[in-house]
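Thanks, everyone. I will talk about one interface today, and I will keep to what the coordinates give. Please have a look at the structure first.

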Amino acid sequence: MATTTNYGWETPDDTDLVKDGALAQRTTASAIDTSLYNITGGKNVGLVPLYVGSFSGVTGVGFSNVFSNTYQFYKVQLQVYGSAGNQPLYARFTENGTPKSSGYYGASYVATVSGTLTYGDAYNNTSSFGFRYIYGDKNYINFELARPFTTQMFLTSSIIDGSQNQIAQMSVSNKTGSNFTGFDIFAPSGNIAGEVKIYGYRNSL
Amino acid sequence: MSEFLEINIETNEEIIRELTVDEIAELESLAAEQAAEQANREAAEAARQASIRKMAEASGLTEKEINALFI
């Protein structure tokens, strides 16, 4: 019996009868089906890449047509480089391209790796919110969003390995917006550059 | 020149536009707010360090030991 190299799926031998071809095809396809289901953990699970790209030399970047009813949860990974040094990177949601400039509530916590400086920030109906901080390079930001297209919940963790080795955690929600379709990020001074990856979580198995 | 990049992830269309007067004003406001916050934090940290030094001198503990009491 012939088999494939990696997963050992059964395939017809050269000497098999042609009249047994249909059964042989079903056998191979069934083995592939089972392997794929087991490898992915289900029929429709996992992260779906929505966008992978980069930007440079701009004050800010807006991503549109990101959120919809298709997915309830999203993951965004950013590697950002700032030209102006020690400053926050701000963000806000957009509704069909229009920035939502109110209603952000949340809190962030910042600490140095050495533990000598810690402080917190609160957002109380602000026009945007800041990832604190970005430096010249190595600013990694990962944030998760829950239901941005219906109700709003936003979580993020920011790991920063710049000159001051700061780490920030933040949670932000927006109580007043609805049907957010995208988001903007921008720096108050200087330019930013970076890479971005946006994923949607499949809703069901 | 301040520019803003708009990316439509559905079509992969990218448009670069100049910032509006209102957007520039908002950024300047955020930058000023940020500078003030930073100055406040640095002043608070300096005061905290000074206080720890005083406590260390008075108690005979090291600054590191004093710091540990407040974490």
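I start with charge pairing. Across the interface of chain B and chain A, the rule finds one salt bridge. The partners are B:Glu26 and A:Arg92, and their closest N and O atoms are 2.2 Å apart. Keep in mind that this is a predicted model.

Next, polar contacts. Between chain B and chain A there are eight residue pairs in polar contact, with both residues at pLDDT 80 or more.

Which elements of chain B give two or more residues to the side that touches chain A? They are β1, residues 3-8, and α1, residues 21-59. The largest share of that side comes from α1(B), with eleven residues. Sorted by class, the side of chain B that touches chain A has nine charged, eight nonpolar and six polar residues.

Now the extent of the interface. In contact terms, 31 residues of chain A meet 23 residues of chain B. The size of an interface is often quoted as the accessible area lost when the parts come together. For chain B and chain A, the buried area is about 2,200 Å², and carbon and sulfur atoms give 51% of it. Within chain B, the residues that lose the most area to chain A are B:Ile7, B:Ile9 and B:Arg41, together 28% of what that side buries.

Last, the strands. How do β4 of chain A and β1(B) pair, parallel or antiparallel? The sense is parallel, over five bridges, with β4 of chain A covering residues 60-64. In that pairing, B:Phe4 of β1(B) has A:Gly60 standing opposite.

That is the end of my part; questions are welcome.

Notes. Residues are numbered from 1 along each chain as its sequence is written. Chains are lettered from A and ligands numbered from 1 in the order in which they are written. This is a predicted model: local features need pLDDT of at least 70, side-chain atom pairs count only at pLDDT 80 or more; totals for chains, interfaces and linings use all residues. Side-chain values use heavy atoms; hydrogens and water are left out. Contact means heavy atoms within 4.5 Å. Buried area is the accessible area (1.4 Å probe) that two parts lose on being put together, summed over both. A salt bridge is a side-chain nitrogen of Lys or Arg within 4 Å of a carboxyl oxygen of Asp or Glu. A polar contact is a pair of N or O atoms within 3.5 Å; within protein, one must be able to donate a hydrogen and the other to accept it, and residues adjacent in sequence count only if both atoms are side-chain atoms. Helices (H or I, at least four residues) and strands (E, at least two) are DSSP runs, numbered from the N terminus. Ala, Val, Leu, Ile, Met, Phe, Trp, Tyr, Cys and Pro count as nonpolar, Asp, Glu, Lys and Arg as charged, and the others, Gly among them, as polar. Two strands pair if DSSP finds at least two bridges between them.
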